[in-house]
Amino acid sequence: MSEIDVAWAGLVKVLRTANIKVYVDPRTPPIYKDGRIVGIQPHVSPKVFTMGIILSDTTELSKFYRLEEPIAAAANCQSVIMTRQNRTVWVQFARPKENWDICWYDGNGVGVSGFDNSPMRFEFSQAAPHTLVAGSTGSGKTVFMLTVLQYLVDQYSPQEIALFVADPHGDYSVLGNSAHLAMPIAETQQEITDMALILDNELSARKRDNVREGKRLVFVMDEVQSPSALGTKDGGFNQEVLTSLTNIAREGRKFRVNLILGTQDPNHRDMPLIKNLNQKYIGKLADPSVAGRIAGAHSNAHSLLGAGDFLFISNGTTTRFQAAMVAEYNFPQGKSTTVLSRGKINGINPPTLAEFMRGKVTEDRAKEMGLDSDLYHRYIAFAKELRGFL
């Protein structure tokens, strides 16, 4: 018997034992023999195949959800995850690992839906402007975030989007001197703090001038709870970064300033702004209780298969998908690649830079700030370049 036949037989056996009556969703074509359904033609994706089931009695939904483990055992597969769409419950069976396919990035999306292999696109919406990417080691989180960056630079020109990339673990050097970077990639605690403050200051300027159109500004940071990034409550927060990101999470939506934040441990205690990250891409999470709080009680994010097996959660809907893998990253380069590419100001002070960006600093004011003539003119040049880029 094929993997699909075994899964169908296991599902039927468990449903009969539990005395739950169901119909097959017409989007999952059944196979008939002598007027009886003897099999099913599921949607087959790189790591899962999916059957649509409609319960005769919807009050048995919770009872049906509790059958995930028995169905997986009867179907002889690693795991079964159910997601509901209106009256249909999509039952997704893990394919044997030897049958997994690689989902290669083709520019059409950041992955493919586990339902019908349709492209999963990454979008910034008014309802869900900020993004959480969560997953334990082996989930494929970092590779997925790089794929998202590749997708963004393919979809938007450097005149349409500017990326602020904070990289505390050194995983994003492949971006190099991408034309979409607003600043060099920030790696140290000071660089990450400076970047967060500069973007927060730009948000304040957009609020003041009521700028709601123009270039989209996106702050991207993986491993958010690293000591050189946001930190943790027990280890100590980087308060300046926390304040800046919280401001952006609360008010960036109106002014086209967005966050994409990645973490292995998505908890409210160490990421107090997590409640503002309404668009979620959830990979395999080691802790079932954390998975339940972040992805929903019935999501079973701890049962995902890893290696790019994700849930997309937005506006009350959940879609399981396989993240795409980029064969060779190709971030467009440009003559004026990144601001500061021609000489970085060491020890830059973001509040001072914000004052220069507003064009309020005279030479007399610069002397009061302790800046010599050379540094004064370098600040002016940098502020002009950055404002022109943004």
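**Stop 1: Gly283**

Select Gly283 and show what surrounds it. Leaving aside neighbours within four places in sequence, Gly283 is in contact with Ala134, Gly135, Ser139, Ala301, Leu304, Asp309 and Phe310. Keep in mind that this is a predicted model. Gly283 sits in the loop between S16 and helix H7 (288–295). Is Gly283 buried or exposed? At 0% relative accessibility, it counts as buried. Gly283 and Leu163 are 120 residues apart in sequence, and their C-alpha atoms are 23 Å apart in space.

**Stop 2: strand S16**

Colour its residues by side. Gln279 and Tyr281 lie on one side, Lys280 and Ile282 on the other. All of these are buried, so both faces of S16 are covered.

Next, pick out the partners. S10 and S16 run parallel and are joined by four bridges. Select Leu132 to see one of these pairings: its bridge partner in S16 is Lys280. With S17, S16 pairs in the antiparallel sense, over three bridges. Lys280 takes part here too, with Ile313 as its bridge partner in S17.

**Stop 3: the whole sheet**

Show the strands as a cartoon. Which order do the strands of the open sheet follow? The nine strands run S9-S8-S18-S17-S16-S10-S15-S12-S11, and the pairing is mixed. Go to the edges: strand S9 (119–120) and strand S11 (161–166) each pair on one side only.

Now select S12 (residues 216–221) and S15 (residues 257–263). These two strands run parallel, with five bridges between them. For one example, take Val218: its bridge partner in S15 is Asn258.

**Stop 4: the nonpolar cores**

Hide the cartoon and show side chains. The largest nonpolar core has 57 residues. Which of its members touch the most others? They are Phe164, Phe219, Met221, Leu259, Leu261, Ile282 and Leu390.

Centre on Ile282. Not counting residues up to four places away in sequence, Ile282 touches Leu132, Ala134, Ile294, Ala295, Ala301, Leu304, Asp309, Phe310, Leu311 and Ile313. Then move to a second, separate core of 34 residues. Among its members are Cys103, Ile161, Tyr172 and Phe331.

**Stop 5: Ser45**

Jump to Ser45. Look for it in the loop between strand S4 (43–44) and strand S5 (48–55). Ser45 has a relative accessible area of 5%, so it is buried. Display its surroundings: Ser45 touches Arg95, Ser113, Gly114, Phe115 and Asn117, not counting residues up to four places away in sequence. Zoom in on Gly114. Its backbone oxygen lies 3.2 Å from a polar atom of the Ser45 side chain.

**Stop 6: two asparagines**

Most residues other than glycine have a negative phi. Select Asn86 and check its backbone. Asn86 is not a glycine, yet its phi is positive, about 55°. It lies in the loop between strand S6 (80–85) and strand S7 (88–94). Asn86 counts as exposed because its relative accessibility is 65%.

Now select Asn210. Asn210 also has a positive phi of about 55° without being a glycine. Its loop runs between helix H5 (189–209) and S12. At 45% relative accessibility, Asn210 counts as partly exposed.

**Stop 7: confidence**

Colour the chain by pLDDT. The mean is 87, and 94% of residues reach 70 or more. Where does pLDDT stay under 50? Select residues 335–344. For this stretch the model has 27 contacts beyond four places in sequence.

Zoom out. The chain has 10 helices and 18 strands. Its C-alpha trace spans about 90 × 40 × 35 Å along the principal axes. Of the 390 residues in the chain, 54% are buried. Finally, look at the contacts with a separation of 6 or more: residues 24 or more positions apart account for 71% of them.

Notes. Residues numbered from 1 in each chain as written. Predicted model: local features only at pLDDT ≥ 70, side-chain atom pairs only at ≥ 80, totals over all residues. Heavy atoms only, no water. Pairing = 2+ DSSP bridges. Core = buried A, V, L, I, M, F, W, Y, C linked by side-chain atoms within 4.5 Å. Buried < 20%, exposed > 50% of the residue type's maximum accessible area, 1.4 Å probe, protein only. Contact = heavy atoms within 4.5 Å. Polar contact = N/O pair within 3.5 Å; in protein donor to acceptor, adjacent residues only side chain to side chain. pLDDT = per-residue confidence, 0-100.
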